[in-house]
Amino acid sequence: FDLERIGVHESVEQVFPPAELRDELADCPATVDVVGDDEIAACDAVITLEHREAFLEVDWVHSIQAGVDRFPLEAFDEHDVVLTNSTGIHDRSVGETVAGYLLAFARRLHTHVAAQQECRGGRPAWDEAFTLPGTTACVVGTGTLGGGVAEVLGALGVRITGVRRSADSLPGFEEMYATEDVLDAVADAEFVIVTLPLTDETNHLIAADVFDAMDEDAYFVNVGRGQVVDEPALVDALESGAIAGAALDVFEDEPLPKESPLWTMDEVIVTPHCAAFTEDYFHDIGELVRENVGRLESGDAFHNRVV
Ligand code: NAD
């Protein structure tokens, strides 16, 4: 297809100002504009956060997220719409966010920040704080996010194990388990960290049996997708003391509803789906898009093509 006009859909505003990406792509051999819903049909390609029905009329859609579960993949295929995603850029940002969660739990920083809101002091009990070396983190999903988490936590002295479909070993992971052995994998970890995409297979993969298999002193982290976790089962596990706490960036319903008990639990850290945020986000997206514009011109296959 001919690429004459690329639209930066205004929904990307939830992650960075659309105009920053437009300016970043100013050297592209196509016109790049910030577009609202009314202008989608006039574009050959759209860079977007959210999905719109009108995308079925364009030739190429680029998702600024790695996860593409919100797009109707079959309809894209039927309408010959190419879909590319942004996997590959979130390793360091999400790795550092997860390291922040683990450091907060180990060094009790979340309790001090909470106390500070009420101008309240009070030290933790003598046996509450710990250090990370000697602990094990089981990373469920060993793609870009899993690799980034393993690298940053590994540098902090955490022993890393992984769960992937094949159980084949990977650099940075001391032990690897197959997905069907996830209960064994989580049993001897102080931290269980979910970095999976949402698919038919991973939907509610993490349910009550996983929380039962975890140690009661262990913490659970989800930076993949909310629906990978049975959220009521997680709330039960937290309320019953089956696990020690959780750090959650993604939820079954986003934004997390006001009435969710997760908001007010002492040992739960809630972040609003921003684990991958960085001031360089628009720049990383610009590089991915520019790479594919070049491949389109030279007739090569798209990088990160999903459909
Ligand atoms: P990726 O494609 O690099 O990695 C996904 C990994 O999951 C792959 O290694 C794949 O083989 C594995 N996987 C898929 N199904 C599996 C299963 N049933 N059992 C075991 N492993 C399985 O993608 P990524 O960039 O690492 O992102 C992963 C997901 O994390 C995204 O799809 C997205 O939903 C989410 N994400 C969230 C944020 C955030 O801000 N919280 C940021 C980026 C990505």
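I take a residue as buried when its relative accessible area is under 20%. The model I consulted is predicted.

**Entry 1: the helix.** I looked up helix H5, which runs over residues 144–155 and has twelve residues. From its first C-alpha to its last, H5 reaches 17 Å, close to the 16 Å expected at 1.5 Å a residue. Just after H5, I noted that Gly157 takes a positive phi of about 90°.

**Entry 2: burial.** Which residues of H5 are buried? I listed Leu145, Gly146, Gly148, Val149, Ala150, Val152 and Leu153. I recalled that an α-helix has 3.6 residues a turn, so residues three or four places apart point the same way. I then asked what covers the buried residues of H5. The cover includes two elements that I noted by name, helix H3 (91–107) and strand S6 (136–140). Strand S7 (159–164) and strand S9 (191–194) are also included.

**Entry 3: the ligand.** Which residues come nearest to the ligand? Of the 24 residues around the ligand, I found these to be Thr87, Thr144, Leu145, Thr179 and Asp249. By class, the shell holds eight nonpolar, eleven polar and five charged residues.

Entry 4: For Thr144, I recorded a backbone N or O atom 2.9 Å from an oxygen atom of the ligand. Thr179 places a polar side-chain atom 2.8 Å from a nitrogen atom of the ligand. For Asp249, a polar side-chain atom likewise lies 2.8 Å from a nitrogen atom of the ligand. Taken alone, the ligand exposes 860 Å², and the protein buries 85% of that.

Technical notes
Residues numbered from 1 in each chain as written. Predicted model: local features only at pLDDT ≥ 70, side-chain atom pairs only at ≥ 80, totals over all residues. Heavy atoms only, no water. Near = heavy atom within 4 Å. Polar contact = N/O pair within 3.5 Å; in protein donor to acceptor, adjacent residues only side chain to side chain. Areas by Shrake-Rupley, 256 points an atom, 1.4 Å probe, with all protein chains shown as cover. Nonpolar A, V, L, I, M, F, W, Y, C, P; charged D, E, K, R; others polar. Helix = DSSP H or I, 4+ residues; strand = E, 2+ residues; numbered from the N terminus. Expected span 1.5 Å × (residues − 1). Buried < 20%, exposed > 50% of the residue type's maximum accessible area, 1.4 Å probe, protein only. Contact = heavy atoms within 4.5 Å.
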